[in-house]
Amino acid sequence: MVIGAGPCGLGAARELALLRHENFVVLERSGRPGGLAASVIDPQGFTWDHGGHVVFSHYGEFDRVLEETMGEEVYQHERSSYIRFEDRWVPYPFQNNLRHLPESVAYECMLGLIEAPGGDPNTDFGTWMESVFGPGITEHFMRPYNFKVWATPPELMQAQWIGERVSVLDYKRALRSLMLQEDDVAWGPNNTFVFPAVGATGEIYRRLALRLADHISYGRHVVGINADARTLRLADGSEERYDALISTMPLDILVEMVEDCPPRLRTAAGDLEHNGVYMVGIGYEAPLKDDKSWMYFPHSNIPFYRATNFAKYSPANVPDADTARYCAYMTETSYSGHKPTPRDGLETEVEAGLREAGVVDNRPSVA
């Protein structure tokens with residue numbers, strides 16, 4: 001038994017099918033696959049992702065899934081991404097392209113980078129940032145941006161997750177870019193990426209689910225688990241027995257559902273830190289002219305931390321695939337107990353933020 005037909009649940013089901021297991025079922029509480037990686041079409045005809053929207057991987061099994069489901073029906077993109085810093089666009093990564101900053105800020109960042117002692121990944125993320133980048137880069141970009149992304153003070157996060165996610169560069173490389181006035185934009189695992197030609201990210205999982213359709217049961221909401229009896233209680237009052245259970249739901253919700261769960265385990269699960277993201281997409285009746293792939297926003301006057309130029313990813317993301325008439329931006333705004341973000345009125349704030357940041361001008365929005 002598998003709970004959830006999102007990417008992880010579908011991946012587990014695919015593996016079971018490859019191992020020639022036949023007696024398994026995936027229970028999905030909604031009426032469609034994909035979970036937080038699903039995509040929707042709004043009434044105006046714009047397509048939006050619920051969650052992640054850059055398709056790149058160093059994981060062979062996912063690469064095989066992408067090939068199996070999409071084949072050649074993808075666009076290949078080279079990343080063109082920027083950070084909005086005050087009144088200018090700085091190429092990503094920020095720390096690699098200090099030449100685009102005001103001179104006094106560039107000097108502060110460069111001096112801090114030269115004097116930075118180097119970081120220990122076994123420390124907290126805030127200390128690691130200061131040790132690796134120095135106070136300039138940390139305070140102008142790394143600290144405010146990462147708080148907006150994770151909605152958690154960096155001192156409460158560990159630094160071992162960094163891996164390929166943060167560009168750690170020798171100061172000589174940054175100094176060369178600054179002195180020779182050369183951009184340094186090729187860093188990172190997502191400097192090239194693909195995107196489905198139709199259906200957005202959710203199309204990958206929709207097609208994968210079709211291959212596993214005989215094993216997926218939709219509209220089945222699990223509300224209770226009896227681990228001793230190996231039974232699931234569903235919202236409609238029915239029960240399902242299982243021999244082995246794979247759950248893809250959040251750990252705190254899973255533990256809360258387990259009957260007779262040890263109190264210490266329930267308390268520990270309730271203490272887990274987590275955040276969430278509001279996805280707000282706004283379509284405009286204006287031609288696609290922006291060549292940026294996505295944009296980062298570290299400053300607190302803009303509610304979202306990232307905006308994706310969704311019409312560039314695929315023309316099919318706008319009505320009638322008409323990018324001569326429409327463009328679209330998909331934004332991400334985080335929230336948590338450390339960073340409460342009211343849901344009411346967020347669409348208005350996001351639209352105003354797109355204008356304030358210079359992403360869009362006085363063009364009419366349609367979605």
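Buried means under 20% relative accessible area, exposed means over 50%, and partly exposed falls in between (1.4 Å probe, protein chains only). With a relative accessible area of 0%, F94 is therefore buried. What you're looking at is a predicted model, where local features need pLDDT of at least 70, side-chain atom pairs count only at pLDDT 80 or more, and totals for chains, interfaces and linings use all residues. Residues are numbered from 1 along each chain as its sequence is written, and side-chain values use heavy atoms, with hydrogens and water left out.

**Rings that meet**

Rings of Phe, Tyr and Trp (its six-membered ring) pair if their centres lie within 6.5 Å; planes under 30 degrees apart count as stacked, over 60 as edge-to-face and the rest as tilted. Searching the whole structure turns up 22 aromatic pairs. Here are two of them:

| Pair | Type | Centre to centre | Angle between planes |
|---|---|---|---|
| W89 and F297 | edge-to-face | 6.0 Å | 75° |
| F94 and F141 | stacked | 4.8 Å | 15° |

Both W89 and F297 are buried. Their pair links distant parts of the chain, 208 residues apart: W89 belongs to strand β7 (residues 88-91), while F297 is in the loop between β15 (294-296) and β16 (306-309). As for the names, helices (H or I, at least four residues) and strands (E, at least two) are DSSP runs, numbered from the N terminus.

F141 has a relative accessible area of 5%, so it counts as buried. Elsewhere, ring pairs tie F46, W48, F193, F195, W294, F310, Y313 and Y326 into a cluster.

What lies over the face of W89, at 4.8 Å from the ring centre? That's R84. K292 also lies over the face of W89, at 4.6 Å from the ring centre. The rule here is that NZ of Lys or CZ of Arg is within 6 Å of the ring centre and within 35 degrees of the ring normal.

**Strands side by side**

Now for the strands: two of them pair if DSSP finds at least two bridges between them. Strand β6 (residues 81-85) is mostly covered, as four of its five residues are buried. β6 pairs with β7 in the antiparallel sense over four bridges, and F85 has R88 as its bridge partner in β7. These two strands, β6 and β7, form a hairpin with two residues between them, and E86 in the turn has a positive phi of about 55°. β6 also pairs with β15, this time in the parallel sense over three bridges, with M295 in β15 as the bridge partner of Y82.

There's also an open sheet of four strands with parallel pairing, in the order β9-β2-β1-β13. β9 (216-218) and β13 (246-247) stand at the edges, and because each has a single partner strand, one side of each is left without a neighbour in the sheet. Strand β2 (residues 26-28) pairs with β9 through three bridges, and V26 has I216 as its bridge partner in β9.

**Two more spots**

K172 is in helix α5 (residues 171-180). K172 counts as exposed because its relative accessibility is 54%.

V258 sits in the loop between α7 (251-257) and α8 (263-270). Leaving aside neighbours within four places in sequence, V258 is in contact (heavy atoms within 4.5 Å) with I225 and R266.
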